[in-house]
Amino acid sequence: MRRPFIAGNWKMNLDRAAAVALAEGLKEKAAGVDYADIAVCPPFVYLDAVAQVLKGTNVGVGAQDCYFEGNGAFTGEVSVEMLQDIGCQYVILGHSERRHIIGEDNELTNKKVKAVLAAGLIPILCIGEMLEQREAGQTDDINAEQFFGSLAGLTADEMKKVVIAYEPVWAIGTGKVATPQQAEEVHANVRKLIESRFGKEVADAVRIQYGGSMKPDNAKDLLGQADIDGGLIGGAALKVDSFMGIIEAAK
Ligand code: PGA
């Protein structure tokens, strides 16, 4: 049985006071949750403040990106060492907004995945097709290309620690959620990709989150699918009640 994992991706939202208040609210409301792993991924500048609130609680903290090099002359970047220093356990990598807005590719994402694993943190690797790619019947090919490209060179032991987030780009922030059947079909195919490269034991162990307009009212059906092991939540993670609603749907 894979343990559900619900993570909030706060993206470039909130201010310091709102970030701390959201963390404090979750600390209190999620305290009794023993059936799922929970994490929040605030903007870099608020990570430390949020990590301090959530220290020693059952709500983990993640970053939304990082750089792959150690500390040094990389203006504007944030190292894995720095994330570790403030108590970060997870790093979202290859999010579609980084791939399609910032222009990051599989090769760069792969270097970041390896750096995060080498430091003992957990990468949440995002993959997913755009609408025109789905309509052209390329969904499986795009996911395979991002999967193999972003995870090239990993050992089976490393792969076991990775969390995959399948996020169809057309469902992110649009209110257009994938149906549970559409999502399950892709998740099952992604699990086959894992098996083809790393074997069945690893494929059975890796958690695959769904992301893209997951809300309290659609979470139960999505999370009820055999290969959907959690969610990466954007908009609905910005309020304590809606994020808690999704966490409770994982029970
Ligand atoms: P959304 O974002 O829940 O707002 O669609 C999900 C994500 O991009 O991780």
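A crossover counts as right-handed if, with the strands pointing away from you, the path from the first strand over the helix to the second runs clockwise. Helices (H or I, at least four residues) and strands (E, at least two) are DSSP runs, numbered from the N terminus. You're looking at a predicted model, where local features need pLDDT of at least 70, side-chain atom pairs count only at pLDDT 80 or more, and totals for chains, interfaces and linings use all residues. Residues are numbered from 1 along each chain as its sequence is written, and side-chain values use heavy atoms, without hydrogens or water.

Start by selecting β2, helix α2 (residues 44-54) and β3: together they form a right-handed β-α-β unit. β2 (residues 37-41) has four of its five residues buried, that is, under 20% relative accessible area with a 1.4 Å probe, counting protein chains only.

Zoom in on I38, whose bridge partner in β3 is V59.

Next, pick β1 (residues 5-9), parallel to β2 over five bridges. Here G8 has V40 as its bridge partner in β2.

Last stop, the ligand. Show E167, which puts a polar side-chain atom 2.7 Å from a ligand oxygen. Then try S213: one of its backbone N or O atoms is 2.7 Å from an oxygen of the ligand. At G235, a polar backbone atom sits 2.8 Å from a ligand oxygen.

How values were computed:
Buried < 20%, exposed > 50% of the residue type's maximum accessible area, 1.4 Å probe, protein only. Pairing = 2+ DSSP bridges. Polar contact = N/O pair within 3.5 Å; in protein donor to acceptor, adjacent residues only side chain to side chain.
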